[in-house]
Amino acid sequence: MNAHLQPTGSAYFISKETELSESHTLSVLVSNEPGVLARVIGLFSGRGYNIESLTVSETEHKSHLSRITIVTRGTPHVLEQIKTQLDRIVPVHRVVDLTVRAHEMGQERPIERELGLIKVAGNGEHRVEALRLADAFRAKVIDATTDHFVFEITGKPSKIDQFIAIMQPLGLIEVCRTGIAAMNRGAQGM
């Protein structure tokens with residue numbers, strides 16, 4: 001076997017070549033206790049799975065439950081392996097593939113939102129243009145001096161990507177993003 005065809009240790013290598021890689025949003029309900037996030041992350045890194053976005057927060061204070069939202073990419077076979085392996089971690093209460101659930105409900109994607117903080121420096125026309133475009137994107141100015149702005153923008157990740165791209169030539173300095181928070185439409189819970 002040629003060196004470039006040997007297994008890499010990643011689960012992506014064992015996928016059928018005919019299967020296409022897809023991006024999926026997983027919601028994982030876990031006990032809010034030390035080490036749980038490390039175990040979930042360890043599952044991904046130990047098997048060579050990539051995490052595109054990760055958010056975690058306690059969502060049920062009285063029950064001590066946290067919700068982890070993970071965006072990952074893989075073939076249907078790899079995504080099924082990820083869900084099965086997540087279900088086996090002891091403090092995991094529930095794993096829901098929000099992308100699959102959205103498709104079952106006749107929708108393309110779950111509701112996904114992200115928050116971005118975007119720092120832009122500029123003077124004169126660039127400053128005026130940055131403010132005009134921020135208004136068009138419904139970004140809020142949360143900090144400003146005579147030489148910079150920090151904008152807060154919330155929306156679909158593609159909206160934030162687009163905002164960052166148009167701020168680039170206007171003096172983009174720094175970007176901080178929260179990662180995706182997601183849930184499905186409808187009256188049914190996770």
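**A helix and its surroundings**

Guide: Helix α1 is followed by G48, whose phi is positive, near 80°; helices (H or I, at least four residues) and strands (E, at least two) are DSSP runs, numbered from the N terminus. This is a predicted model, in which local features need pLDDT of at least 70 and side-chain atom pairs count only at pLDDT 80 or more, while totals for chains, interfaces and linings use all residues. Residues are numbered from 1 along each chain as its sequence is written, and side-chain values use heavy atoms, with hydrogens and water left out.

Visitor: Within what arc do the buried residues of α1 fall?

Guide: In α1, which covers residues 36-46, the buried residues are V36, V40, L43 and F44, where buried means under 20% relative accessible area, exposed over 50%, and partly exposed in between (1.4 Å probe, protein chains only). Seen down the helix axis, these buried residues line one face of α1, because the directions from the axis to their C-beta atoms fall within an arc of 95°.

Visitor: Which residues are exposed on the other side of α1, and what covers the buried ones?

Guide: On the other side, A38, S45 and G46 are exposed. The cover over the buried residues, counted by contact (heavy atoms within 4.5 Å), includes β1 (22-31), β2 (51-60), β3 (65-74) and α2 (76-87).

Visitor: Which residues have the most contacts inside the largest nonpolar core?

Guide: A nonpolar core is a set of buried Ala, Val, Leu, Ile, Met, Phe, Trp, Tyr and Cys residues joined through side-chain atoms within 4.5 Å, and the largest one here has 17 residues. At least two residues of this core come from each of β1, α1, β3, α2 and β4 (92-97). Those with the most contacts inside the core are V28, V40, F44, I82 and L86.

Visitor: In what order do the strands of the open sheet lie, and which are the edge strands?

Guide: Two strands pair if DSSP finds at least two bridges between them, and on that basis 4 strands form an open sheet with antiparallel pairing, in the order β2-β3-β1-β4. Each edge strand pairs on one side only, and the edge strands are β2 and β4.
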